[in-house]
Amino acid sequence: MNKDTNLEDAELYLQHTKHNTAQKSVSIDSTKNLPVEDEVEIPVGDIDYMYDVPLPMVAEIGSTERTLKEVLHMQVGDIVQFEKVIGEPLEVLIGGCMMCRGEIVVVNEHYGIRISEVIRVSNIPQ
């Protein structure tokens, strides 16, 4: 039996074990190439349980590259110039993915971002 046949068998097994309300998490045992059924049930269609998951948000003002030598020689007062031009929207990364763009604002002596564009998954080039 070859590896492709085992993967096809695993796919058939996954299709056979699907339920309308929930599906079981199934992985492949790499030592035997057989499906291994986990104990965890994964809800299908209902994601309310995920709404409270914290996601890191990062506003990126720009990027640049420096050599290790330049980094090691940095001193207080040195200026690092980024590629982004003043007035160009900042990118906001949520969970490591760019999800929106916006401009810097000040809110009660804190920096903030006024969202000017929301990037949807369907808008991202593949």
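**Ground rules.** I number residues from 1 along each chain as its sequence is written, and I leave hydrogens and water out, using heavy atoms for side-chain values. As the model is predicted, local features need pLDDT of at least 70 and side-chain atom pairs count only at pLDDT 80 or more, while totals for chains, interfaces and linings use all residues.

**Overall.** I started with the element count: the protein has 2 helices and 6 strands. I took these as DSSP runs numbered from the N terminus, with helices being H or I of at least four residues and strands E of at least two. Reading along the sequence, I get α-β-β-β-α-β-β-β. Then I looked up burial, and 10% of the 126 residues count as buried. For that word I use under 20% relative accessible area, with exposed over 50% and partly exposed in between (1.4 Å probe, protein chains only). Among contacts between residues at least 6 apart in sequence, 22% join residues at least 24 apart; a contact here is heavy atoms within 4.5 Å.

**The sheet.** I traced an open sheet of 4 strands in the order S3-S4-S5-S6, paired antiparallel. S3 (57-60) and S6 (110-118) are the edge strands, each pairing on one side only. From one strand to the next, the twist averages 40° (axes are lines fitted to C-alpha atoms, for helices over the stretch in contact, and angles run from 0 to 180 degrees between N-to-C directions). Two strands pair if DSSP finds at least two bridges between them. S3 and S4 (residues 90-94) run antiparallel and are joined by 4 bridges. I found Glu60 standing opposite Glu91 in S4.

**Leu90.** Is Leu90 buried or exposed? Leu90 counts as buried, at 7% relative accessibility, and lies in strand S4. Leaving out residues up to four places away in sequence, I listed what Leu90 touches: Glu60, Ile61, Lys84, Cys100, Arg101, Gly102, Ile104 and Ile113. I also checked Leu90 against Cys100: they are 10 residues apart in sequence and 8.5 Å apart in space, C-alpha to C-alpha.

**Largest pocket.** How much space lies in the largest pocket? I noted about 210 Å³, where a volume is the space filled by probe spheres set on grid points joined across faces, edges and corners. A pocket is an open set of points on a 1 Å grid over the protein atoms alone, where a 1.4 Å probe fits, with protein on both sides within 12 Å along at least five of seven lines; lining residues have an atom within 4 Å of a point. Leu90 turns up again in this lining, along with Ile61, Phe82, Lys84, Val85, Ile86, Gly87, Glu88, Glu103 and Ile104. By class I get 6 nonpolar, 1 polar and 3 charged residues.

S5 (97-107) and S6 run antiparallel, joined by 8 bridges. Val107 stands opposite His110 in S6. The hairpin has 2 residues between its strands, and I checked phi for both Asn108 and Glu109. Most residues other than glycine have a negative phi. Asn108 counts as exposed at 69% relative accessibility. Glu109 is exposed too, with a relative accessible area of 80%.

How values were computed:
Nonpolar A, V, L, I, M, F, W, Y, C, P; charged D, E, K, R; others polar.
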